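Here are a few notes to read alongside the structure. Have a look at it first, then work through the points one by one.

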Amino acid sequence: MRQGRLGASTPARGGGVTWSLGEVEALARKAARGGGLTWGMADEAAKAVLWLVSFGLPGPDALAGYLQDFDEVDRSSSLPTDPLSDTWRAASGQLCPIATGTVLSDLQRSDVSLTLHSLSWPLLFLPFAAWSTNTARLEWQGVTFQWFDASLCVSAENQALLSNHARLASLSPNTQDTGKHFKRAWRADLSEATLQDLTHFAARTYAPETDASKLSGAGAGLKDED
Amino acid sequence: MSETPRIDLRSPEMVMKLARMGSFHQSRLSFMRQLLRRLSSENWRFETSVFDIDARGVGHAVYTAHGPERSYSLVAFAHDLPPEMRSDRVIATAWDTTFTLFDGVPEQSDIHRLHANVPLQEEGRISGQELTLSRANRSVRLWDHVVSRLASGQQPDAELVDQVGYLMRTTAVYGSGKFGAADREAIADRDECHGPFQVEMLTVYLIRTFVMDLVEHMARALAPETAVKLDPAMRRRFGIGNSTGLGMAPFLVTHPALLNAWISAREEALARVRSVAQASEAEITHFRQAAARARLHAYGWHSEHPIQIEKLNDLRVDMDRLLAHLETVDLTAPQPWEALHLWAETQLTVEGQEMLVSLLMEPYGPLVDELAHCMATDEAMCWRIDGTMTTTALRGILEDVYGWALDLDWEAQAPQARVWYVSENKLEPRLGERFEEPLSDYEQPLSPGRDAARLYRDLDEDEPLAAFLMRHPEHRHIARRAQISARMSYAEIRDNTIDAAMLPIDMLRMKLSFFGASEFDPRSDRWVRITMFQHAPFPDELSACAKDDWALPPLPEAAE
């Protein structure tokens, strides 16, 4: 059995396991931190994944792929070099979707005309774009997302949603809703592989147990069985 | 009732100190009392649809609460637990009883599914149809005593009952999506679930009822000829226990908007009562009775822990002083509660001052109870960082909210002696010693004071926060907290959560007091036992107890 609370929670009987969104968010946060993001950035990654799964989108899969691609990579050169311009590139050549997304979200830019060169895991950038403007479209090869307030629709080719790299992504004003509309999802499915990957990254945030910490850490004290 | 002149709220610098928060008591705004007010005013109906438990105490039961729109069912599993496996610690793997709150009325297939999972607790899975997961262990000394007394046709010894206060202790009540349960967001738009921890409180309330039925059942199984039931007045002396450890403490730091909502409601309630221009005769009588009952409560509260023994001594002396003062003070004078409040600030310890805060609310349901509606919030509403704020403006916030931390010497060991971390084994929050164990790499972001001081130190030029955070992502979490605290005065504990002398039980008590817990009994500096729903009416008594007057022990003459 795998380590970790999520991983260890295989149902004894009943089948059809789904995850609460809170569980997915908590796992994503720990995994992102374990994957090297600071706590504040890990919070952003977790909220992004939460937003994606609440539309039934494969945010956990994207996060797992992203963490693998960026493991041990210095993200400081994966930010837009000139965030006030309309064309974003990274010094490293690869824009990190989480770091780039937080820049967009932090800047609160009211315009929505932006071209991003070489954006990794573009699906993870989508929530930040949606938080930044209440209506816009985000496109990369094979995928067009459009949103207006809380309504989101997509037209996408298979596989392109989980593309690990968009040579060119663009954020532009919304025109009209086309494609499939999303419904609010209250539960999430996690593939075995994604669960394992995220659990693996999350485990890096856990301190190894020692006998001393087991006793003192949780606070042994007066007896508890009376 | 006139409310002029309006008294200001107490300052966050005063309220948000751990020593004060660790002296909070239950009040009209507590979540248990909110729940019972609703169950009573909406005439909820209760039924025990299954009670299939054998003479050894093994089986299951289903208790359903029917509200105006929906029903909720406690599904209880009773086990035959060998004594050597009984432990309240989160590291336990088996319990006397295990529970889930089902959203609706379960069918046989649900019971089968839950039977395979709920007894496993953390190692099992529940689904979006369940709202909570919980377990409880017997208080062995009281359980055996009550079973044998009832079996022989006698009532239990009142003194022993009061000493322990409950027959079973819950050791966790998980909700909000834990282990597969429904997310809070999925049910928060229901009236009955909107307030904080309402499904958790309903779970515990139904557990208490089940436990009392179970003990009578066991006595009957032992001696069907002679066994009797508990007298109603005796029955109400039993609450349900709870053991709570460190796991609860980080919640207060990770939910700043919610913390602000709770404290704001309480402080607003206090300010409203202090602002009352003139108290009526009925209000004065109500207050005097509540104060006398609180004194009784203080004297009946047991703890073996040195810290709590000292606090209890403080509280008892405070209650004596308060009652003596009430003999002489003229409560018919203008703004009597403000005068009493000012008196307490100089004459009582923090324990007594905070008890007075709770007592002042007692006569003023119409003024106070509506504030319960302000105690839920959505953390997401204030979560996004405003990167257009200048770092100069942020410095101002840091000086205002975290001034106490900027003044500390963070090079010294004592202010940063502790580390909050999560252990590999049980995945529970722990507290370690930074300079004795290699834990710093695993530190959780639960030390806002130190982190604010670090951020402050690195704010070197005037620029938009967005630009600063691009260079300093390590400060992002605390920049967010600072912006939240700038908008919400009570969002941040204004004390050092990693200091060598910090007492986690202060954080636990603050949260548990909002639940409505009483009889805080720390078992170390980091876990605590409490009693919940002691003296509360049982489901069949709710209609006769519409006054929300149960939370303090009855005076002897009123007990019958």
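1. In which sense, left-handed or right-handed, does helix 13 of chain B pass helix 14 of chain B? Keep in mind that this is a predicted model. Take a look at the two helices, and you'll find that the crossing is left-handed.

2. Now for the geometry of that pair. Helix 13 of chain B covers residues 281-300 and helix 14 of chain B covers residues 306-328; their axes come within 9 Å and cross at roughly 155°. Angles over 145 degrees count as roughly antiparallel, so helix 13 of chain B is roughly antiparallel to helix 14 of chain B.

3. Who meets whom? On the helix 13 side of chain B the residues include Ala291(B), Ala294(B) and Tyr299(B), and on the helix 14 side of chain B they include Leu315(B), Met319(B) and Leu326(B). Sorted by class, this contact has 11 nonpolar and 3 charged residues, with no polar ones. Arg288(B), Arg295(B) and Arg316(B) are also among the residues that meet here.

4. Next, the two chains. Chain B puts 62 residues into the contact, and chain A puts in 45. Several elements of chain B supply at least two residues each, among them helix 4 (108-117), helix 5 (140-151) and helix 22 (476-487). The largest share on the chain B side, 4 residues, belongs to helix 21 of chain B.

5. Strand 10 of chain A (residues 206-207) pairs with strand 8 of chain B in the parallel sense, over 2 bridges. To find the spot, look for Tyr206(A), which stands opposite Val422(B) in strand 8 of chain B.

Methods
Residues are numbered from 1 along each chain as its sequence is written. Chains are lettered from A and ligands numbered from 1 in the order in which they are written. This is a predicted model: local features need pLDDT of at least 70, side-chain atom pairs count only at pLDDT 80 or more; totals for chains, interfaces and linings use all residues. Two residues are in contact if their C-beta atoms, placed from the backbone, lie within 7 Å. Two strands pair if DSSP finds at least two bridges between them. Axes are lines fitted to C-alpha atoms, for helices over the stretch in contact, and angles run from 0 to 180 degrees between N-to-C directions. Angles under 35 degrees count as roughly parallel, over 145 as roughly antiparallel, 65 to 115 as roughly perpendicular and the rest as oblique. A crossing is left-handed if the near helix is turned anticlockwise from the far one by less than a right angle, and right-handed if clockwise. Ala, Val, Leu, Ile, Met, Phe, Trp, Tyr, Cys and Pro count as nonpolar, Asp, Glu, Lys and Arg as charged, and the others, Gly among them, as polar.
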